[in-house]
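Take a walk through this structure with a simple plan.

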Amino acid sequence: MNYKISQRAASLSPSLTLAVDSKAKQMKAEGIDVVGFGAGEPDFDTPQHIKDACAKALADGFTKYTPAAGIPELRQAIADKFKRENGLSYKPSQVIVSCGGKHSCYNVIMATCEAGDEVVIPAPYWLSYPEMVKLAGATPVIIPTTDATEFKVTPAQLRQAITPRTRLFILNSPSNPTGSLYTRDEIKALGDICVQKNVLIMSDEIYEKLVYDGAEHVSVAGLSPAHYEHTIIVHGFAKAYSMTGWRLGYLAAPEPIAKAIDAIQSHSTSNPTSFAQKGGVAALNGPQDHLKLWLAEYAKRRAYAHKRLNAIPGISCVNSRGAFYLFPNISRLGLKSTDFCARLLEEQKVAAVPGIAFGADEYIRISYATDMKSIEKGLDRLEKFTKSLAR
C-alpha cells in the first residue's frame with residue numbers, strides 16, 4: 001500500500017527534546033547508567049494538596065465532559081491569578097484552559113495565523129514554535145541571537161523583521177532553551193514596536209515563577225491598554241507545579257481571539273481532563289510554599305553548573321536568569337551540536353539536547369532540573385568527553 005502523507009505532516013521535524021529524553025529513559029531501563037540533562041521537567045513531585053484535589057475529584061465521580069474551554073471554577077481561578085499576581089484584568093470568558101502549555105501555543109497560532117502570514121520568532125527558540133507556525137500554513141521568520149547579547153532580540157532586529165505580512169511575534173521570557181530574561185524596558189521596547197505595527201504578541205510566560213537573583217518577570221500585557229489589546233498570554237501548570245504529565249495549560253486573550261480558540265478546541269480535543277482541572281484550581285488557590293524551596297534548590301544547581309561549564313576548556317556559558325536551563329557554547333570544540341550530543345551520549349552516557357533543535361547549532365541545552373549528584377556526575381563526564389576531543 002502506498003500511503004500518502006500530507007505535506008503538512010511531512011514537513012515537520014519531530015521533537016528532539018522528547019526524542020533525547022525517550023532515548024535516555026530507554027537506556028536507563030536497559031540498566032545503563034545515563035545522566036539525563038535533556039528533559040524540561042522538574043524532578044520534584046507535584047505538591048500533595050494538588051494531588052489530593054485530583055484524587056477527591058475522581059472519588060467524587062468528577063469524570064465527565066466539561067465545557068471545552070474549562071470548568072468555570074478554574075477559569076475564574078486563572079483570572080484571579082492574573083489580577084493578583086500580574087495586575088491584569090481578564091474576565092473568565094477571556095481564559096481558555098487547554099491540554100498543556102504546548103496546546104495553548106498551538107491554539108493561539110491556529111486561531112490567528114494562516115497561509116501568507118508571517119510569524120517572527122527569535123532564535124534560540126523553543127523547538128515547537130516554528131513547527132506550529134508551519135502547521136497553520138504560515139511562515140516562520142527567524143531572528144538569530146547569540147550569547148553576546150544574552151540571547152535577546154533587539155528592537156532594531158524586530159523592526160527590520162516585521163513586514164506587512166507579519167501577524168504574530170513570539171516572546172518567551174524567561175526563555176526555553178536559554179534561561180534569558182528580558183527587563184521591563186526591553187519588553188516595553190519590543191511591545192511598543194508591535195503596537196505601532198499592529199502585530200499580535202504571543203507571550204509565553206510558563207516559566208514566570210522561576211526567576212533568580214531578585215529578578216522581575218514582566219508581562220508585556222501589563223505595560224499599557226494598547227499592549228494588553230495586542231497580547232495573548234500562554235501559560236501552564238507544568239513548570240511551577242511539576243505537573244508536566246497532567247497536560248493542563250491555559251491562555252488569556254482578547255475576547256474575539258478567546259472565542260475563536262474555544263471553537264477550535266471544541267473540534268479538536270474537546271475539554272481538558274476533568275479531574276486534572278480540579279488539581280489546577282488547587283494549584284492556583286492553594287499554598288505556594290513549595291516554590292521558595294524549589295527555587296533555592298534550582299539556584300544552587302544553576303550556580304554549580306554554570307561555574308563548572310565555564311571551567312571546561314572550549315566551553316563558555318552565560319548564566320541563566322530564569323527557567324532551569326543553561327545553553328553553553330561549544331563552537332570551539334570542533335563539532336556541531338548533533339554530532340556532539342550523539343557522541344556525548346554514546347561515549348559518556350550523558351544526554352543533552354543539540355542546539356540545532358532550537359535554531360542554534362553552536363550550542364547545547366543542559367537542564368538542571370535534576371538532582372545535584374546527577375549534575376556533578378554528568379558534568380564530570382562532559383569534561384572528560386571534551387578532553388578526549390582535544391587529543
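H4 passes H11 in a left-handed crossing. Left-handed means that the near helix is turned anticlockwise from the far one by less than a right angle. Before going on, note that this is a predicted model, where local features need pLDDT of at least 70, side-chain atom pairs count only at pLDDT 80 or more, and totals for chains, interfaces and linings use all residues. Residues are numbered from 1 along each chain as its sequence is written, and side-chain values use heavy atoms, with hydrogens and water left out.

Two packed helices are described by the angle between their axes and the distance between the axes. Here, H4 covers residues 72-86 and H11 covers residues 274-285. Their axes come within 9 Å and cross at roughly 25°. H4 is therefore roughly parallel to H11, a label for angles under 35 degrees. Axes are lines fitted to C-alpha atoms, for helices over the stretch in contact, and angles run from 0 to 180 degrees between N-to-C directions. Helices (H or I, at least four residues) and strands (E, at least two) are DSSP runs, numbered from the N terminus.

Which residues of H4 meet H11? They are Glu73, Leu74, Ala77, Ile78, Lys81 and Arg84. Contact means heavy atoms within 4.5 Å.

Now for the cavities. A search of the whole structure finds 2 of 30 Å³ or more. A cavity is a set of points on a 1 Å grid where a 1.4 Å probe fits but cannot get out, and lining residues have an atom within 4 Å of a point. The second largest cavity holds about 60 Å³ of space.

The largest cavity has a volume of about 130 Å³. Of its 17 lining residues, the closest to the centre are Pro122, Pro124, Asn172, Ser175 and Tyr182. Strand E3 (118-123) and strand E5 (166-172) each supply at least two lining residues. How many charged residues does the lining of the largest cavity have? It has no charged residues, with 11 nonpolar and 6 polar.

Technical notes
Angles under 35 degrees count as roughly parallel, over 145 as roughly antiparallel, 65 to 115 as roughly perpendicular and the rest as oblique. On a 1 Å grid over the protein atoms alone, a cavity is a set of points where a 1.4 Å probe fits but cannot get out, and a pocket is an open set with protein on both sides within 12 Å along at least five of seven lines; lining residues have an atom within 4 Å of a point. Grid points are joined across faces, edges and corners, and a volume is the space filled by probe spheres set on the points. Ala, Val, Leu, Ile, Met, Phe, Trp, Tyr, Cys and Pro count as nonpolar, Asp, Glu, Lys and Arg as charged, and the others, Gly among them, as polar.
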